[in-house]
Amino acid sequence: MPAVLDDISTEILNLKKKIGATILAHYYQEGEIQELADITGDSLKLAREATKVDTPVIVFCGVLFMAETAKMLNPTKKVLLPDLKAGCSLVDSCPPDKLHRYQEMLRENGRKFQTVTYINSSAAVKALSDWVVTSGNAEEVVRKIPAEYEILFVPDKHLGRYLSEVTGRQMILWDGSCMVHEIFSVHDLVRMKKLHPGAQVIAHPECPKNILEHAEFIGGTEAMIKHVGSFKDPVEFIVATEPNMMWQLESRFKQHKYLPVPGITCACNKCPHMALNTLEKIRDCMKTGQPEILWQPEFDKAKEVLAKSLLNPPATKPHPQGD
Ligand code: SF4
């Protein structure tokens, strides 16, 4: 928390008390938002933490699918999302009707499969799935699926390909990707490695293979925090994930230096969806009680899949790169 809070931060903290709210913020939110939050985390941590919130209101600083997940896992709470337009390119890449038709085609062809869905998906897509995973638990879940099933992995082809490689499971991959991780410049990454020969590249598995093959460590954001925290002496890290993640790393492990990998089309490479949430919108949603995530019919089935996938970890031994 800053020594002197500005007016808007003070207003948010006062409103938080007044309406009884808990603020959850994803690691891809601006530092000023993470700083005000009660809990910060990746999708998996925030989903699990949302189930423990005991205040009547959850203010979710992230994108729509994350706020919907919080609502499904803790349905009696009022869940507010500062900007309802905060979407995700992965969600957009997998319309539920298209997935349904594809699953039907596989069934008609006698294929025996289970659908494993990355949490970055709509509730309707989660409802069509056997499992919902995050980058923190995906490997555990994939290892748990009996070998007689094929795996249809949606919607992130890069995470699916990475999982297929580490688990040795063949997968049918949906053609979706994250607009942020997709466009890291491999040219700039190679140049940075030459300029900083002692640096370690840490990369999110949503990145394409040409980025991951230059990485010393691959893992979701929680796994990155654990990895970086395991170095006591100063290290330079070249970071290939959404750049707001560096605020979290810099706050926790000040002894290290962090260098962001630029994007091909945008040097900062921030997620435009996450960026829709601002301190002003957080204040306003707490004042008005809007926009609120309302229960949708598809939440009933999606909630069952979410709960069995995220709240009851599989019995298999976790991999060190898991959450
Ligand atoms: S960083 Fe990528 S996966 Fe995350 S919300 Fe933005 S577009 Fe979606």
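Helix 4 is the top contributor to the lining of the largest pocket, giving three residues. Helices here are DSSP runs of H or I with at least four residues, strands are E runs of at least two, and both are numbered from the N terminus. This is a predicted model, where local features need pLDDT of at least 70, side-chain atom pairs count only at pLDDT 80 or more, and totals for chains, interfaces and linings use all residues. Residues are numbered from 1 along each chain as its sequence is written, and side-chain values use heavy atoms, leaving out hydrogens and water.

**The largest pocket**
- Its volume, the space filled by probe spheres set on the grid points, is about 230 Å³.
- Of the 18 lining residues, L64, F65, E68, S122 and F299 are the closest to the pocket centre.
- Two or more lining residues come from each of helix 4 (64-73), helix 5 (89-92) and helix 7 (123-127).
- By type, the lining holds 11 nonpolar, three polar and four charged residues.
- Domain 1 (7-85 + 273-300) and domain 2 (90-177) each supply at least three lining residues, with bounds from an automatic or database domain assignment.

**The overall fold**
- The protein has 15 helices and 12 strands.
- Its C-alpha atoms fill a box of roughly 65 × 55 × 35 Å along the principal axes.
- Of the 323 residues, 58% are buried, meaning under 20% relative accessible area with a 1.4 Å probe and protein chains only.
- Among contacts (heavy atoms within 4.5 Å) with a separation of 6 or more, 64% join residues 24 or more positions apart.

Methods: On a 1 Å grid over the protein atoms alone, a cavity is a set of points where a 1.4 Å probe fits but cannot get out, and a pocket is an open set with protein on both sides within 12 Å along at least five of seven lines; lining residues have an atom within 4 Å of a point. Ala, Val, Leu, Ile, Met, Phe, Trp, Tyr, Cys and Pro count as nonpolar, Asp, Glu, Lys and Arg as charged, and the others, Gly among them, as polar. Buried means under 20% relative accessible area, exposed over 50%, partly exposed in between (1.4 Å probe, protein chains only).
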